[in-house]
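Grab a pencil and open the viewer. Here are a few exercises to work through, each with its solution spelled out step by step.

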Amino acid sequence: MADVPQRPHPRKGDQRDGSVYSPTPEIITAVQVALITGRPLLLAGPPGCGKSSLASFVARTLDFAYLEFVVTDESSPQDLLWNVDVIARLRDAQLATGDGQVPPLNDYVAPGPLWWALDPVSAARRGGDKNATTGRPCRMPVYLKDYEPQGAGAVLLIDEIDKAESSFCNGLLVPLGSRQFHVTDINEPVENGADRAPESPLVIITTNGERDLPDAFVRRCVVLAVEGPNAERLEEIAKLHFPAIAADASLLERVQLLAHRFTKSAKEHASTAEFLDLVSVMLTLGADADLQQWQLIERLVVEKPSLRRNLFASW
């Protein structure tokens with residue numbers, strides 16, 4: 001790889017740490033409504049338009065903890081609440097001899113992200129007795145590096161909920177709607193902790209529209225359709241991620257031309273992530289890329305003709 005320029009560059013891959021985001025007025029209003037009503041915010045839109053990145057940005061803005069759960073076709077609503085490691089408990093029971101005692105069931109309870117979002121204090125003790133001096137505590141998972149929230153609240157991202165069957169949504173109607181649930185294995189209620197902010201947790205859910213969501217679930221959400229950005233917004237986002245653009249008239253002009261090209265029709269519409277990848281390559285290669293090489297770069301980053309279906313026709 002000796003021919004690849006090794007120039008320092010600030011952005012690699014998808015930047016989802018919440019440090020850079022450009023919310024539209026519609027997004028700001030939708031977040032405010034979700035906070036006021038206590039309802040989940042459901043964001044619907046094409047892949048790569050910034051739906052998922054909003055959650056970590058809002059968490060940083062509110063100084064709240066950030067939690068996330070990425071849905072797959074094998075996901076269960078239970079995964080968001082709690083699970084019990086019955087295999088480990090059975091193993092410990094078999095190894096216990098003489099006066100050896102098996103630790104209490106609480107020690108094998110793994111709190112899910114909704115439990116952490118509602119009441120991290122009870123989650124840390126796995127629902128055990130708050131006055132007990134024994135037990136195996138656990139720690140909240142960390143999703144944002146070098147981020148220490150000070151606020152008494154949490155933002156929970158449930159990403160790509162349309163990957164799961166409708167039963168996944170139906171299983172979350174009560175926990176998300178009432179912001180509470182019962183850990184039946186240890187007979188422990190979980191609800192918003194006494195020290196938590198009243199608007200916490202803010203649950204942000206994303207869907208790419210691959211499956212229709214149940215009406216009962218949608219009715220319990222604040223819903224916002226997030227459209228692919230226009231050329232002006234792509235330019236604004238590029239300047240946020242790459243501040244050097246604003247200070248270089250030549251670079252700015254190239255970015256503007258690129259933004260207009262990839263928003264003029266659905267056929268050539270790049271997602272935000274793909275557009276930023278192109279800008280990243282443009283800044284790194286500079287004038288080193290000739291026309292033929294740049295056409296290849298666009299095919300590699302955006303067109304992807306052998307795999308992409310419908311070329312964003314659903315946008």
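**Exercise 1: the sheet and its helices**

H2 lies across S1, S2, S5 and S8, and its direction makes about 165 degrees with S8. Before you go on, a word on the model: it is predicted, so local features need pLDDT of at least 70 and side-chain atom pairs count only at pLDDT 80 or more, while totals for chains, interfaces and linings use all residues. Residues are numbered from 1 along each chain as its sequence is written, and side-chain values use heavy atoms, with hydrogens and water left out.

Some terms: helices (H or I, at least four residues) and strands (E, at least two) are DSSP runs, numbered from the N terminus. Two strands pair if DSSP finds at least two bridges between them. Contact means heavy atoms within 4.5 Å. Axes are lines fitted to C-alpha atoms, for helices over the stretch in contact, and angles run from 0 to 180 degrees between N-to-C directions.

Task: work out in which order the strands of the open sheet come, and find which strands stand at the edges.

Solution: 
- Step 1. Trace the 5 strands: the order is S2-S5-S8-S1-S9, with parallel pairing.
- Step 2. Look for single partners: S2 and S9 (222–225) each have one partner strand, so one side of each has no neighbour in the sheet.
- Step 3. Check the twist, which averages 20 degrees from one strand to the next.
- Step 4. Zoom in on S1 (residues 41–44), which pairs with S8 in the parallel sense over 4 bridges. Leucine 41 has isoleucine 204 in S8 as its bridge partner.

**Exercise 2: a helix pair**

Task: describe how H11 and H12 pack.

Solution: 
- Step 1. Recall that two packed helices are described by the angle between their axes and the distance between the axes.
- Step 2. For H11 (residues 249–261) and H12 (residues 272–285), the angle is about 150 degrees and the axes are 11 Å apart.
- Step 3. H11 and H12 are therefore roughly antiparallel (angles under 35 degrees count as roughly parallel, over 145 as roughly antiparallel, 65 to 115 as roughly perpendicular and the rest as oblique).
- Step 4. List the contact: Leu251, Arg254, Val255, Leu258 and Ala259 in H11 meet Phe275, Leu278, Val279, Met282 and Leu283 in H12.
- Step 5. Sort by class: 9 nonpolar, no polar and 1 charged residues (Ala, Val, Leu, Ile, Met, Phe, Trp, Tyr, Cys and Pro count as nonpolar, Asp, Glu, Lys and Arg as charged, and the others, Gly among them, as polar).
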